[in-house]
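Work through each one before reading its solution.

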Amino acid sequence: MTRTPALFVLILSLFLTQIAVAQDVVTVPDLTNLSVPEAAAVLNRAGLALGAETGELWTAESGLGQNHIKSQSVPAGQAAARASAVDITVLRSPNVILLYDDNDLTLVNKTGASLDLSALFFNTLDGAPSSMAAARWGSALRDGQCTQVWSVGRNGPKGLDECSAIQNWLVTTNPGEHFWTGAGGTTRFAVSQNGIQRALCAVGNPGRCEFYLSSGSSGETTEYVYLAYKADQLAIINQSTDRWMMLNGYTIYNNNVPQNALPVTIADPTLYGGNINPVARLNQLAPGQCILFTNATPGSDVPPQPCDVIAQLGISPQLIFWGASFDMNSITGGQHSCPAATAGRLTICVMPL
């Protein structure tokens, strides 16, 4: 019986290990002067995730355009572990102001467009834990207007020179929502948008904190959701070249028998099981990315239009919601309808925000 030399086994083992390691390492692309959505798409194609975003004040001397990436945490051309994150520094101009004291906090919208409040979250960074979702105020804040929260009883809002109007306000006696007051030894609080930390604000009486938030006017988000479908597949596609397509709050309702009015929450990662790209963001598609639904028949896994599939769900033919006209609720609460797929043809449906 022939025995394999131990040295050969060792060399073969080392060789296979090197192959495995090489497969888990990718080259970091150059993100300089890209918009954040563009960078996410480039990173995801390389097998990397978009990491933390740090804002730096833009000036005319910056040498790059506003809302573009100045630097990255891992240099371009360097090797990085697959699925690891690359942090970025982005040149921004502040477009939101927080004004606050011991009793109240006012958010001023200077973005030039309606601001989605459902994506905002405030939380303390030290002292007693305290947090508040901006959705407590409402779903959106109009440009130039303000929204206000009080930690003490009040019969109405107070006017400020920075506000054309106080769109809405509330009083909360819950200490767990008094993130800005300094109660419990708090000295700092954070502002996050879609899970991205946008600002670190110091507690003050009075206090003022200016920072950037993404909005429709920033050029970073599309004003619609785009759907392309045939009888065997449906794709939600970001066809823009440099903007996010926001999917938070979008729900499709299946009007097809026998699943009448069955809701499908598009951005829910549990919906897709293991058929999901772990480095991409389901709630905001990067340029060129898509989510694909199929009827689970052979060949239906090809998107109806070219796109990078980041999540896929195969369902039985009798459950396809695009087999009949279907409804879709947007983040602003509006409901729109799309027609059923037409046999042998591509159907396009565009849902406004």
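**Exercise 1.** Which strands each supply at least two residues of the lining of the second largest pocket?

*Solution.* The model is predicted: local features need pLDDT of at least 70, side-chain atom pairs count only at pLDDT 80 or more, and totals for chains, interfaces and linings use all residues. Residues are numbered from 1 along each chain as its sequence is written, and side-chain values use heavy atoms, without hydrogens and water.

Step 1. On a 1 Å grid over the protein atoms alone, a pocket is an open set of points with protein on both sides within 12 Å along at least five of seven lines, and lining residues have an atom within 4 Å of a point.

Step 2. The second largest pocket holds about 220 Å³. Its lining has 17 residues, with G55, R92, R198, F211 and Y212 nearest the centre.

Step 3. The strands asked for are β2 (49–57), β15 (196–202) and β16 (207–211), strands being DSSP runs of E with at least two residues.

**Exercise 2.** Which residues line the largest cavity?

*Solution.* Step 1. In a cavity a 1.4 Å probe fits but cannot get out. One cavity of 30 Å³ or more is counted.

Step 1. The largest cavity, with a volume of about 40 Å³, is lined by A40, N44, L50, W244, V279, R281 and A286.

**Exercise 3.** Is L346 buried or partly exposed?

*Solution.* Step 1. L346 sits in the loop between β26 (335–338) and β27 (347–352).

Step 1. L346 counts as partly exposed because its relative accessibility is 35%, the class between buried (under 20%) and exposed (over 50%), with a 1.4 Å probe and protein chains only.

Conventions. Grid points are joined across faces, edges and corners, and a volume is the space filled by probe spheres set on the points. Helices (H or I, at least four residues) and strands (E, at least two) are DSSP runs, numbered from the N terminus.
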